[in-house]
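Please open the model in a viewer and keep the sequence panel beside it.

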Amino acid sequence: MFAPFDTDSSYKVCVELLNLLNSNKIRLTNTAKTKSTRDGHGIMLGALVAKKSPSEGSAAPVFEEAPVVLVTNSGIRYRLEGDLSSSGFTYVEPVVSASRIDRALNKNDAKIHELTDRIQQSGDADDTKLRDRLSKERSALCDESLKNVFALYKFACADKKMRSLNEICTKSLPPTGTGDCCAPKLLNYAYSNDLTPVSMCEVFYSNGDDSSKNGQIFDPCDERCGLILPHMLGLCILYRDNDIVVLNKQSGLLSVPGRGPDKQDCVSSRLRRLYPSCIEQPSVHRLDMETSGLMVYALNAQSQRNLRIQFEKNEVHKKYIALLDGVLAKKGIEPHGTKELFFRLDVDNRPHQIWDEVNGKSAVTEWQILNVETYTAPDKSRRPATRIMFIPHTGRTHQLRLISADEHGFGCPIIGDSLYGKCEKGERLMLHASELSFTHPSTGQKMEFTLPAPF
């Protein structure tokens with residue numbers, strides 16, 4: 001995943017850590033009683049530069065105190081030891097200690113070893129069924145042990161809430177070691193202590209054969225950190241620099257604040273929480289709350305003006321993937337085409353849009369049918385659906401939902417559309433912004449992003 005914060009000042013801290021290690025002023029100690037499989041293979045060193053969070057309700061972020069410098073290392077069996085405080089560093093311990101993990105594993109440890117011995121002893125071909133049964137039993141106990149371990153992990157998040165690893169990973173067990181990388185440790189400490197991250201960096205370190213990579217910067221890993229950090233930060237950051245942020249907006253989150261105190265949580269407010277220097281209104285375009293996918297936001301006024309002009313001039317190119325409730329071919333819809341429709345707001349039934357050929361605004365949409373497939377609903381019922389790619393040439397409200405559902409369009413609503421179709425319990429709107437390209441407002445570079453649909 002992309003590094004969510006600037007790395008400049010924290011990289012300098014990492015370099016200082018490497019110098020302290022090389023000069024033996026600090027050391028990396030294996031705290032395990034037995035030899036670790038990581039010995040000689042290297043670990044990650046992490047640093048986070050943070051400042052005390054501004055008080056609630058302050059008009060603008062004012063950081064008067066000196067920055068807090070946090071350092072840590074990946075894993076739970078190693079720790080940095082020595083005089084870190086003289087360099088102004090605070091060492092961050094693991095989210096869950098090795099001793100607590102060992103206690104959680106001990107419950108099934110003896111039985112797992114017993115089953116392993118029995119599996120190894122049943123070597124004859126006639127014992128295949130026995131080995132399979134013992135292997136399934138051992139696998140179930142191993143999963144239970146991992147669940148016991150993961151239940152210990154709780155992370156402080158940017159919104160000041162605590163989230164457990166079991167809450168974050170609901171569909172399957174995460175990889176072993178999830179939560180023990182540098183980034184979640186550092187962010188957990190920062191948010192637990194009312195600190196606002198300013199810079200965060202991770203570098204490789206080894207005193208073994210691969211020491212030539214020492215000091216090489218690595219982004220937080222996709223396999224483990226990619227599961228946790230979007231929940232800790234509140235946003236899934238795909239790209240970030242001093243001018244813009246590109247992210248994957250989850251379905252169910254507003255793009256900008258709505259009316260009323262219960263609708264203030266949105267991408268814009270979460271961005272300002274993560275990046276206090278961000279402008280008050282960073283949005284340059286919107287996605288419906290139920291729509292997921294790619295969005296770009298501006299961090300400063302100049303970038304916002306530039307991007308808004310690109311959107312107004314139709315210089316930003318977008319593609320969407322949708323799953324429609326039915327088979328378009330049976331309705332005589334061509335595999336590829338472009339259609340112009342005219343819609344306006346239904347003032348008596350906001351926020352619905354209605355067909356109006358006289359007073360409506362033009363909405364031009366290109367489409368390409370990708371596939372016909374079987375959709376499985378939350379109640380496990382199955383029905384045919386059409387996967388389609390939309391390329392909007394205008395940016396009208398509910399444009400893609402309307403061309404799908406309205407009788408002047410396809411007459412076939414997007415699955416999960418609560419406004420123009422139906423949305424069953426546990427269902428989401430099957431509409432996803434999958435491609436986004438624009439010109440970077442400062443560098444002039446062409447920026448292109450692709451994000452597969454999660455359905």
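**First stop: the open sheet**

Select alanine 47, which stands opposite cysteine 201 in S8. The model is a predicted one, in which local features need pLDDT of at least 70, side-chain atom pairs count only at pLDDT 80 or more, and totals for chains, interfaces and linings use all residues. Residues are numbered from 1 along each chain as its sequence is written, and side-chain values use heavy atoms, with hydrogens and water left out.

Helices (H or I, at least four residues) and strands (E, at least two) are DSSP runs numbered from the N terminus. Two strands pair if DSSP finds at least two bridges between them.

Now show the whole sheet: 4 strands in the order S5-S3-S2-S8, open and with mixed pairing. At its edges are strand S5 (89-91) and strand S8 (195-205), each pairing on one side only. On average, neighbouring strands of this sheet are turned by 25° against each other, direction ignored. Axes here are lines fitted to C-alpha atoms, for helices over the stretch in contact, and angles run from 0 to 180 degrees between N-to-C directions.

Contact means heavy atoms within 4.5 Å.

**Second stop: histidine 41**

Move to histidine 41, in the loop between strand S1 (26-30) and S2. Is this residue buried, exposed or partly exposed? At 45% relative accessibility, histidine 41 counts as partly exposed; buried means under 20% relative accessible area, exposed over 50%, and partly exposed in between (1.4 Å probe, protein chains only). Neighbours within four places in sequence aside, histidine 41 is in contact with Phe204, Ser206 and Asp210. A C-alpha to C-alpha distance of 6.6 Å separates histidine 41 from glycine 208, although the two are 167 residues apart in sequence.

Select helix H5 (residues 182-192), where 9 of the 11 residues are buried, so the helix is largely enclosed by the rest of the structure. The buried residues of H5 are Cys182, Ala183, Pro184, Lys185, Leu186, Leu187, Asn188, Ala190 and Tyr191. Their cover includes S2, S3, S6, S8, helix H6 (225-233) and helix H7 (267-274). Just after H5, aspartate 194 takes a positive phi of about 55°.

Display helix H2 (residues 98-121) with helix H3 (residues 128-150): they pack at an angle of about 170°, with their axes 9 Å apart. That makes H2 roughly antiparallel to H3, a term for angles over 145 degrees, whereas those under 35 count as roughly parallel, 65 to 115 as roughly perpendicular and the rest as oblique. Among the contact residues are Ile101, Leu105, Ile112 and Leu115 of H2 and Leu134, Leu141, Cys142 and Val149 of H3. The residues of the contact of H2 with H3 divide into 10 nonpolar, 5 polar and 8 charged. Ala, Val, Leu, Ile, Met, Phe, Trp, Tyr, Cys and Pro count as nonpolar, Asp, Glu, Lys and Arg as charged, and the others, Gly among them, as polar.

**Fifth stop: aromatic rings**

Rings of Phe, Tyr and Trp (its six-membered ring) pair if their centres lie within 6.5 Å; planes under 30 degrees apart count as stacked, over 60 as edge-to-face and the rest as tilted. By this rule the count comes to 9 aromatic pairs. Select tryptophan 367 and phenylalanine 410: their ring centres are 5.0 Å apart and their planes at 80°, so the pair is edge-to-face. Tryptophan 367 lies in strand S15 and phenylalanine 410 in the loop between helix H9 (399-405) and strand S17 (431-439), so the pair ties together parts that are 43 residues apart in sequence. Tryptophan 367 is buried at 7% relative accessibility, and phenylalanine 410 is buried at 4%. Then select Phe2, Tyr239, Phe438 and Phe449, which form one aromatic cluster.

**Last stop: backbone exceptions**

Most residues other than glycine have a negative phi, and most peptide bonds are trans. Lysine 160, in the loop between strand S6 (154-156) and strand S7 (162-164), has a positive phi of about 70°. Finish at the cis peptide bond that joins arginine 350 and proline 351, with omega about 5°.
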